[in-house]
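Hello,

Here is the structure we talked about. Please open it alongside this note. My findings follow below.

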Amino acid sequence: MTLPQRREIETDRRLLLLVGLIVVVAGTIVVTSLPAALSSAKPATVNDAAKLVMITLVIALGTLVKARVRIRSTTQSISWNDTAIIVGAAIAPTSVVVLCTAVGIALASIRLTPMKLAFGIGKNVIVAWGAGTALAMTTWTWPSAGTASLIVPLALAYMVAALLDDLLAIPVIALASGTKVVKQFRSNLDLRLGGFAVRFIVAACTLLVLRIDPRLLLAVPPLVLSLHLAYSARIRGRTEQQAWQRLARTTDALNVVDLDKVLTTAVTQAAELFSADEVEIELREGARTVRGGTGGITFDAATGTPTEVDGTVVPAPLEGHDRSVDVGMLRLRFRGPVQLSERERYTLRTFASALCTAVRNAQAYAELARVADEHAYAAAHDALTGLANRRHLLDQGTEQLSTRHADGVTALVLIDLNHFKEVNDTLGHAAGDQVLVQVADRLRNAAQGSDLVARLGGDEFAVLLRGLPAPAIAAHRAETLLAALHEPFGLDGMRISVEASGGISVAPASGGMAELLRRADVAMYQAKRAGQRISTYAPTRDTADLGRLTLGGELPRAVADHEFIVNFQPIVDLGTGEVTSAEALARWHHPTHGLIDPLRFLEAVERSGLLPAFAEAILDQALIAATNWRDAGFDIPVAVNVSPRSLLDARFPGSVLARLRTHDLPPDRLVLELTETLTLSQLDVVDRVLSRLRDEGVRLALDDFGTGYSSLSLLSRIPVHELKIDRSFVTTMESSAEAAAVIRSTVDLGRSLNLDVVAEGVESEPQRRALWELGCVAGQGHLFARPMPAGTLLATLQRGSGGRPGALAPPLHDTGAVIRLTQSRRPGGRSRPDQLPHLPA
């Protein structure tokens with residue numbers, strides 16, 4: 001059972017109890033008055049009998065002559081029966097008047113419902129008893145009372161009758177109409193008081209006429225009729241005036257821009273304006289239906305749910321004055337039969353038109369507000385991921401920093417995806433967008449409720465950490481964010497791993513959000529250079545980063561002016577000390593800053609779109625150097641580092657081979673060094689590029705072997721010729737058993753796969769000898785030579801070491817000697833020597 005149904009049942013129960021109480025009191029009065037009435041009502045003459053009949057008929061006639069006022073589906077009547085009762089009480093005993101009232105009301109109201117009939121009889125019986133009792137308590141005598149002594153008792157009796165009538169009728173009307181008793185009592189109080197005065201005057205005049213000459217009563221009916229018509233017209237006029245005033249107030253109240261408020265106001269005001277049991281508004285847009293009454297909204301949902309108010313329905317379309325716009329339908333519902341007057345129908349049309357305008361205005365305002373909200377949201381959020389954008393991050397961060405003293409520590413984590421351009425270039429921007437969306441979702445899920453996750457553009461994200469209890473917590477939270485990106489991403493059936501670097505900065509004492517963002521950016525690039533996943537901003541390392549920020553804009557000029565040069569570090573046979581190849585290392589010869597390490601500019605080159613031109617310039621210089629060395633009698637290969645993004649260009653192999661032909665170098669004189677990148681290993685285009693280069697004779701080397709994510713899986717996919725042991729293992733091999741084990745395993749793996757193994761970072765003779773004894777045949781490092789220009793390296797080769805051109809170190813053994821190389825270890829850690837002859841180079 002719904003709430004309106006429960007309210008209706010509760011109202012009916014209270015109404016029944018109230019009417020029942022009135023009927024019980026009236027019944028008691030009738031029963032107690034019956035004996036006296038029967039004894040005194042025995043007519044002694046025909047005139048006495050006529051008087052009883054006249055009182056009954058006058059009361060019945062006074063009940064029939066009434067002014068009607070509709071309240072919801074119930075019509076309330078303002079009658080003249082109180083005048084008739086007063087006249088009867090003045091000329092007959094109270095007990096007789098009570099019986100005459102009961103009979104007269106019953107005769108006049110016989111067509112009403114049982115409850116209305118019972119209420120009408122009960123109320124008027126109590127009024128008759130009260131008026132008669134009031135007269136009996138005075139010095140009233142009829143017909144000998146003088147004019148002066150007639151007015152005062154009669155006024156007292158009429159006052160009692162009027163008071164009882166209001167006390168009995170108003171609570172019932174208020175309960176039936178759902179209004180408050182006080183409000184109902186105040187409603188039309190002036191008209192009721194005026195009506196009481198008029199009816200009292202008529203009653204007093206009627207009694208005076210009866211005392212003077214009963215024949216003058218013939219003039220009373222026309223007088224009563226005139227007064228009744230005038231009073232009824234006054235009531236109608238007042239009712240219409242109040243209705244128009246309420247309509248004006250209602251239309252003013254509809255002048256709001258919130259649609260919910262418009263509908264609530266319309267429902268409640270229409271229920272009061274038209275005295276309806278329920279008001280329903282059905283809107284075309286959104287298929288929305290709202291129902292309710294004077295108490296408020298009782299239903300607000302989709303159109304189609306039936307109403308629970310059964311009875312008369314008065315519809316009114318919500319259309320403009322010219323009927324060109326139809327926004328819905330307004331329906332008034334009444335529980336009983338109701339016929340609206342012409343004035344009410346016109347008022348309803350006027351109200352519906354005003355409501356139509358209000359609904360259209362509210363809908364238009366809502367649409368404007370929605371568009372404004374969308375624009376505001378779009379201005380503050382990234383369209384692809386839905387995260388906050390740079391502007392929103394700066395605004396929120398600035399606001400946060402202004403109150404950070406009260407909210408704890410504020411920090412910023414800047415996250416950049418490594419090699420993300422590979423996904424875009426290979427699989428297309430749509431696939432790249434999918435990856436960005438997944439990254440955004442993971443960061444959003446890993447962040448806490450107080451954090452603000454933003455996408456700054458491209459593959460760069462930021463997370464504003466607010467209200468941290470201590471600065472050290474920022475690093476822990478950053479680790480959680482980066483860990484969320486560790487698992488591979490699903491992309492059209494593939495598993496793509498995305499590496500990321502993060503920089504952390506804690507809110508500075510000055511500089512605001514711009515400085516906080518700059519420091520996080522500096523920290524992020526510190527992490528990239530150090531090969532770490534996350535780095536916290538360190539002021540002592542900020543100088544280089546400030547330089548990097550300014551160098552990015554100078555890259556186009558540097559490429560055009562050939563400011564990028566190549567130095568070469570020789571790779572040496574560890575046993576003989578002879579140079580076997582050389583690695584080309586790019587440097588930026590800046591006109592102001594001098595030589596700049598590639599760690600400071602290579603990332604910017606890759607991002608700038610200048611990578612192809614840069615790579616061609618470096619490759620050309622390396623091949624020219626190799627040609628010059630060959631012409632001088634030193635036919636050694638040259639190794640060039642290749643950016644992973646170059647391998648995504650299907651034209652790259654053709655470009656490399658064309659330059660080899662241009663410089664008349666065999667393909668096997670070029671070694672392309674690759675870095676371990678799990679993402680690259682899963683892309684078919686990389687396999688095709690590398691396979692073509694290998695098939696044409698270009699040698700491939702896997703740089704920094706052992707430091708990547710999956711070295712063995714890379715070897716199964718990338719057809720390399722050479723492994724280069726990362727310098728970190730060589731540096732610690734003498735103090736770390738684990739580093740030595742990695743080197744030994746790499747050498748064994750190379751021998752098993754028929755791959756050359758080169759150790760990087762050889763800086764001492766003990767390292768050289770230890771590597772050679774482990775089976776590593778080649779190495780490079782400061783022990784032999786630092787990177788140098790091609791001409792300098794040629795001069796060094798010509799000069800040689802110990803009178804041996806092409807050698808940079810003395811041999812570890814005499815030519816033709818037999819040496820022992822430790823190939824493996826037995827259980828227990830003892831070495832098993834194998835005798836191997838050294839073949840001279």
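How many bridges join strand E8 to strand E10, and do the two run parallel or antiparallel? Seven bridges join them, and the strands run antiparallel. E8 covers residues 409-418 and E10 covers residues 460-468.

E8 and E10 belong to an open sheet of five strands. The order is E9-E10-E8-E13-E14, with mixed pairing. Strand E9 (452-457) and strand E14 (534-536) stand at the edges. Each has a single partner strand, so one side of each has no neighbour in the sheet. From one strand to the next, the twist averages 20°.

Helix H12 (residues 390-402) packs on it and touches E8, E9 and E10. The direction of H12 makes about 20° with that of E10. Helix H15 (residues 429-446) lies across E8, E9 and E10. H15 runs at about 10° to E10.

**The core**

The largest nonpolar core has 76 residues. Which of them touch the most other members? They are Phe568, Trp629, Val638, Leu670, Leu672, Ile743 and Leu771. Helix H21 (residues 611-631) gives this core its largest share, nine residues.

Leaving aside residues up to four places away in sequence, Val638 touches Phe568, Trp629 and Leu670, among others. Its contacts also include Ala582, Ala584, Ala622, Leu623 and Ala626. Arg669 and Val671 are on the list too.

**The chain as a whole**

The chain has 841 residues, and 47% of them count as buried. It holds 29 helices and 25 strands. Take the contacts between residues at least 6 apart in sequence: 68% of these join residues at least 24 apart. The chain exposes about 39800 Å², with carbon and sulfur atoms supplying 58% of that area.

**Confidence**

The mean pLDDT is 79, and 79% of residues reach 70 or more. Two stretches call for care. Over residues 71-75 the pLDDT is below 50, yet the stretch has 26 contacts in the model beyond near neighbours in sequence. Over residues 818-841 the pLDDT is also below 50, and that stretch has 34 such contacts. Where pLDDT is low, predicted coordinates should not be read in detail.

Best wishes

Note on methods
Residues numbered from 1 in each chain as written. Predicted model: local features only at pLDDT ≥ 70, side-chain atom pairs only at ≥ 80, totals over all residues. Heavy atoms only, no water. pLDDT = per-residue confidence, 0-100. Contact = heavy atoms within 4.5 Å. Pairing = 2+ DSSP bridges. Helix = DSSP H or I, 4+ residues; strand = E, 2+ residues; numbered from the N terminus. Axes fitted to C-alpha atoms, helices over the stretch in contact; angles between N-to-C directions. Buried < 20%, exposed > 50% of the residue type's maximum accessible area, 1.4 Å probe, protein only. Areas by Shrake-Rupley, 256 points an atom, 1.4 Å probe, with all protein chains shown as cover. Core = buried A, V, L, I, M, F, W, Y, C linked by side-chain atoms within 4.5 Å.
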